[in-house]
Amino acid sequence: MITQAQGMNSVIERYNKTNEDHQLTMRLNSELKFWQREAATLRQQLHNLQENHRQMMGVDTNGLGFEELQSLENKLETSLHSIRNKKVFILNISPDQLPPSLFIVSNHILIYLLQVNLMHRENMELYKTVNTTGRQNGGFTSSGSLSPTSIDLELSPPQQQTSEMEEEVTKLG
């Protein structure tokens, strides 16, 4: 036969066990709600980042108003400015500070830029020559545009000038 003290102890133990289970359940529910809120917040942040990325890439700008487009343009201008500054900084590093592979690439880029510059100068000289010749021969209309019997000229890339440009690069480097 169970004594009254044993019965009371049994009831107290069951109460404590039920109370612990209830507190554990409450704690787990609270943590579950916290992580659900955290997941929802992260999903929203991901959505916002994806939307901003699409807007920065110019893909999803249909719903933007003038001020939003202006703000986006300003952000892109600021980003481009800092990228250009970084590029200028890298180009201003002296060749002895560059790793050998980058130095070779920078020489090739410099040669290419010199070729483009030379072709541009030749193009401008040809344009001036054609412009002057056309006006002397009456090949221009009163508005200054070429007549239907205009001459089409094309520049060909320089053939022998690469060695001269390499010498210029060596002098510059």
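Q: Why does Leu113 count as partly exposed?
A: Leu113 has a relative accessibility of 48%. Buried means under 20% relative accessible area, exposed means over 50%, and partly exposed lies in between (1.4 Å probe, protein chains only). The value of 48% falls in that middle range, so Leu113 is partly exposed.

Q: What kind of model is this, and how are its residues numbered?
A: This is a predicted model, in which local features need pLDDT of at least 70, side-chain atom pairs count only at pLDDT 80 or more, and totals for chains, interfaces and linings use all residues. Residues are numbered from 1 along each chain as its sequence is written, and side-chain values use heavy atoms, with hydrogens and water left out.

Q: What makes Ile109, Tyr112, Leu113 and Val116 a patch?
A: A patch is made of residues with over 30% relative accessible area and no salt bridge; like charges are joined within 9 Å, and nonpolar side chains (Val, Leu, Ile, Met, Phe, Trp, Tyr) within 5 Å. Leu113, at 48%, is over the 30% limit. The four residues form a nonpolar surface patch with about 390 Å² of accessible area together (Shrake-Rupley method, 1.4 Å probe; for residues, only the protein chains shown count as cover).

Q: Why is the pair Lys17 and Asp21 called a salt bridge?
A: The term needs a side-chain nitrogen of Lys or Arg within 4 Å of a carboxyl oxygen of Asp or Glu. Between Lys17 and Asp21 the N to O distance is 3.6 Å, so the pair qualifies. The two residues are four apart in helix 1 (residues 4-56), which means that about one helical turn separates them. Asp21 is partly exposed, at 36% relative accessible area.

Q: How do you know that Asp60 and Arg54 form a salt bridge?
A: Their closest N and O atoms are 3.7 Å apart, which is within the limit, so this pair qualifies too. Asp60 is partly exposed, with a relative accessible area of 30%, and Arg54 is partly exposed at 30% as well. The structure holds two salt bridges.

Q: Why is Gln55 called buried?
A: Its relative accessibility is 13%. That is under the limit for buried, so the word applies. Gln55 lies in helix 1 and touches Asp60, Thr61, Leu64 and Leu72, not counting residues up to four places away in sequence (contact means heavy atoms within 4.5 Å). Of the 173 residues of the protein, 9% count as buried.

Q: How does the span of helix 1 compare with the expected span?
A: Helix 1 has 53 residues and reaches 77 Å from its first C-alpha to its last. Helices (H or I, at least four residues) and strands (E, at least two) are DSSP runs, numbered from the N terminus. The protein has four helices and zero strands.

Key: Expected span 1.5 Å × (residues − 1).
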